[in-house]
Amino acid sequence: DHLAEDLGRHPLIDRANTATTVEKIAATDDGFEVQLLIDPEQLDDSTPEVLRQQVLDDRFAPKTLASLDGRYMAMVVRPKPLSESLQRKEIKQLVEEAIDTAGLRGEFVGDAGPVTLDVAQLDSIVDDSMLFVPLTSVIGLALLGWVVGRLRPVVIGAIAMSTVVLPATAA
């Protein structure tokens, strides 16, 4: 619960939902009422099995906030509208740091969603660039040396390429 509250205060995060922060609609004698899926004030009075069953009995919580058997619980972090991948990377790093700070790394199973996918794509692009940009430059210089057969054009080409390659790979 504290983890979701801490994450919810970040300027890039709109809301962090857990079983203790998400609302459900419950039927009453005179209509319906909105209440928390699990009331945090009643956690000490309930057993884990009762809480698990309470989540599984909800119409929407299984497959979204809990696995079908109730063994795994989720926290859904909803970001504010983001315009770039670096913001998504910041959110992913923030969530990972918050999990570590809360001492929940041993309970953490994984993450998913558009933010995770975008960060994985960004990391892949950066990793590939770190390998292939210098490799392509070296191959180009080797071909230049082979075709021209003189050292001066290779040195000039290396200087010209380094003005692009070094800043591109200096992450």
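What does the charged end of R105 sit over? I found the ring of F108 under it, with the charged end 5.0 Å from the ring centre. My cut-off for a charge over a ring is NZ of Lys or CZ of Arg within 6 Å of the ring centre and within 35 degrees of the ring normal.

Ground rules, before I go on. This is a predicted model, and I ask for pLDDT of at least 70 for local features and 80 or more for side-chain atom pairs, while totals for chains, interfaces and linings use all residues. Residues are numbered from 1 along each chain as its sequence is written, and side-chain values use heavy atoms, with hydrogens and water left out.

**Entry: cores**

I looked up the largest nonpolar core and got 11 residues: L3, A4, L7, L12, I13, A16, L82, I91, V95, A98 and I99. A core here is a set of buried Ala, Val, Leu, Ile, Met, Phe, Trp, Tyr and Cys residues joined through side-chain atoms within 4.5 Å. Buried is under 20% relative accessible area, exposed is over 50%, and partly exposed is in between (1.4 Å probe, protein chains only). Helix 1 (2-8), strand 1 (13-17) and helix 3 (85-101) each put in at least two residues. Helix 3 is the top contributor, with 4. For the element names I use DSSP runs numbered from the N terminus: helices are H or I with at least four residues, strands are E with at least two.

There is also a second, separate core of 9 residues, with A19, V22, V55 and A66 among them. As a general note, nonpolar side chains tend to be buried together in soluble globular proteins.

I then checked the contacts of A16, skipping residues up to four places away in sequence: A4, L7, T21, V76 and V77 came up. Contact means heavy atoms within 4.5 Å.

**Entry: A19**

Where does A19 lie? I placed it in the loop between strand 1 and strand 2 (23-28). A19 counts as buried because its relative accessible area is 5%. Beyond four places in sequence, A19 touches L37, I38, V55, L65 and M73.

**Entry: K63**

K63 is in the loop between helix 2 (48-56) and strand 4. At 70% relative accessibility, K63 is exposed.

**Entry: helix 4**

Helix 4 covers residues 114-148. Its 35 residues should span 51 Å at 1.5 Å a residue, so the 49 Å I get between its end C-alpha atoms agrees. The expected span is 1.5 Å times one less than the number of residues. Helix 4 bends by about 30° at S129, where a bend is the angle between axes fitted to the seven residues ending at a position and the seven starting there.

Which residues of helix 4 are buried? My list reads V115, T116, D118, V119, L122, S137 and L141. Their cover includes strand 4 (76-79), helix 3 and helix 5.

I picked out L122, which is buried at 18% relative accessibility. Leaving out residues up to four places away, L122 touches S85, L86 and K89. L122 and T136 are 14 residues apart in sequence and 20 Å apart in space, C-alpha to C-alpha.

After helix 4 comes G149, with a positive phi near 80°.

**Entry: helix 5**

Helix 5 (residues 151-169) has 19 residues and reaches 25 Å from first C-alpha to last, close to the expected 27 Å. I noted a kink of about 40° centred on S162. Buried in helix 5 are V154, G157, V165 and T169, and they pack against helix 4.

How far apart are V165 and S137 in space? I get 7.8 Å, C-alpha to C-alpha, for a pair 28 residues apart in sequence. V165 is buried at 14% relative accessible area, and S137 is buried at 13%. Outside four places in sequence, V165 is in contact with V133, P134 and S137, while S137 touches M161 and V165.
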